[in-house]
Amino acid sequence: MQFLLLIYESESAQATRTEGDNHAMFAEYMAFTASIKSAGKMIAGDALQPVETATTLRIRDGKTLMTDGPFAETKEQLGGYYLVEANDLDDALSIAARIPTAKTGSIEVRPVMVWT
Amino acid sequence: MSVDARAELQSLIREHHAWVLARVVRQVHDLELAEDSLSRAIEAALVQWPETGVPEAPRAWLVRAARNKAIDELRRRASWAQKSRDVTLLGELDAEAGTDDVPIRDDMLRLLFTCCHPALAEDARVALTLQVVGGLQADEIARAFLVSTTTMSQRLVRAKRKIRDAGVPYRVPGPDEFGERVDGVRAVVYLVFNEGYSATHGEALVRHDLCRHAIRLGEALLELFDGDGECAGLLALMWLHESRRAARQDAAGDLVLLADQDRDRWDRGQIERGTALVTMALRRGPPGPYALQAAIAAVHANAPDAASTDWPQIVLLYDRLLAAMPTPIVALNRAVALAFARGHEVGLGAMDSLGDALAEYFLFHAARADLLRRCGRADEAVRAYERALALCRNDAEQRFLRARIAAVRGRT
C-alpha cells in the first residue's frame, strides 16, 4: 500500500529556531530519508516553500479566481511530504513516527486510493 | 422448529460467534466480508441443524460454511470485474483448502487489537469491540450509549471502512509496542464498564447491561492474555465496583456514598471473586494501575464497616498508584484517603495544590466541600458544593449535592 505522509508545522515556531537547530534538523532529515530509501520504502518526498508563496485557485461559473495564500488559515501549515510504500497502517505509522518534525509538528498519514 | 429450539440454537451460535468471526477475518482479511459470510452461514445452520442435528464441532462447521460463502462472494465479484485483490485472495483461500493450524486464540487476539486500534476514534473502538468481540447487535449498543440505532450503525460502518481503506492490519503488535497496545485494549473495556457504572448523563445511575458486558470482555482478556496481572487487576476492579451496585442507590434512586452504604447489600460472592483476582494480580510482579486500584477497592470491600477501614493501607496504595499514574484525579483520591488517615485538615491541605488542574471537575469541589463540612467550615462548604452542583450533569448526583447544601445550611 502507498501512504502519503503530510508534514505540518507552525511556520512561526520554525522561524524561532537557531541556525544550529536548523542544521541538526536537516541532518536528521537526511538520515531519515536515507534510511527509508535503503529499506525500499521511499517513493517520493519533498519540502515545500513557506505558505506565503502559496496561491489558491478556484473556478466558479467559468471564472478563475486566485487568492494569495493557502486555502485555509491553520495553526500548522503543510511544509512537506513523503510518499512511501508500507505493508499496512502500522508500518506507515512507524515510518511517520521517525520523521523529525513528528516531535514538534504533526504528521497526517493518508492511504493512497487504489483504482481497480 | 419450535421457538424454544430456535432460541437455543441461536444462543449456541452466539457463543461461537466472535471466535468464528476472528478466524474468518484472518482468512479473508476483510471484516465486512467476514461478517456477511458468517451471517449467511448462520442462516444456513438455522435451516440445516434442526434436520441433521447440531454438528459435533459447530465452530469448525461455521468456519467452513462462512469461508465457502466468502469464496462464493469473491467468485461473484471476480466475475463482475477482475478485481486483482479479490482474485489473489480467492487463490489463497482455494490453496489453503480448509487446513488451518493457527490457534484460534491468536485469531481472536488479532481481531481484538484491530478493534482497539488507536487510529480509530475512541467511541468507535468501544462500539466495535462490543459488536465484534462482545457479539452485541448495533441496536443494543445504541440503546446502551443513548444514541439512535442509525447513529450507531453509521459509527460502526465508518470504523470498518477505515480499517479496510486505511490498511489497519489484523495483527498482534510486536514487542516494542505490545505493552502500550494492551493498555489500549484494557482502556476500551474499562470505558465500557464506566459508561455503564456512572452514566455521565440521564436518569439511570447504573446502566447495568454495559457493566455485565464489560466484565465478560474482561474475563475474555484475562484468558486471552494468559493471566496477565493488569488484566486480572482490571477484572478485579470491575467485580469489586459491581459488588456495591445494589447499595449505591437508595429506594428513591439517590446516590449513597461508600461510607453510608448498607454493607449487607454488597455482593459477597463478587467481593470474593474480586479479592481473589487482586491477590493473583499482586503475585504476578510489581502491580500496575489497575491492580493497585483494585487493591484499594478490595481494602474497602473487606472492611466490616466504614469506621474500621484501613485508611493508612489505602494511603500507601495511593502513593504507589500516584507514582505509576501521576494524574490530578489520583492525587485527589489520595488526598481524601489522607484526610481519613491523618485528619481532615491534612486532606484539605493536600487538595490545595490541585485547585487549578481540577477547577472544572465536579468531584473535586464535592470532595473539598465534604472535608470543609467535616471541619465545621460551613460557608466555605456551601460555596464548594454549589460549584460542584454547577458542574455536575448526572441527575442522581445533582440531587445528592442539593441535599447536602440544604443539610449544611440547616445546621448554621
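Let's start where the two chains meet: eight residues of chain A and eleven of chain B take part in the contact, with contact meaning heavy atoms within 4.5 Å. Keep in mind that this is a predicted model, where local features need pLDDT of at least 70 and side-chain atom pairs count only at pLDDT 80 or more, while totals for chains, interfaces and linings use all residues. Residues are numbered from 1 along each chain as its sequence is written, chains are lettered from A in the order in which they are written, and side-chain values use heavy atoms, leaving out hydrogens and water.

Together, chain A and chain B bury about 680 Å², 59% of it on carbon and sulfur atoms; that is the accessible area (1.4 Å probe) the two parts lose on being put together, summed over both. Two salt bridges cross this interface, each a side-chain nitrogen of Lys or Arg within 4 Å of a carboxyl oxygen of Asp or Glu. A:D90 forms a salt bridge with B:R181, and their closest N and O atoms are 3.8 Å apart.

Now for the inside. The largest nonpolar core has 124 residues, and A:L5, A:Y82, B:L130, B:F225 and B:M238 touch the most other members. Such a core is a set of buried Ala, Val, Leu, Ile, Met, Phe, Trp, Tyr and Cys residues joined through side-chain atoms within 4.5 Å, where buried means under 20% relative accessible area (1.4 Å probe, protein chains only). Leaving aside residues up to four places away in sequence, B:L130 touches B:G135, B:L136, B:I141, B:F145, B:V192, B:L210, B:H213 and B:L217. There's also a second, separate core of 27 residues, including B:L255, B:L348, B:Y385 and B:L401.

How values were computed:
Buried < 20%, exposed > 50% of the residue type's maximum accessible area, 1.4 Å probe, protein only.
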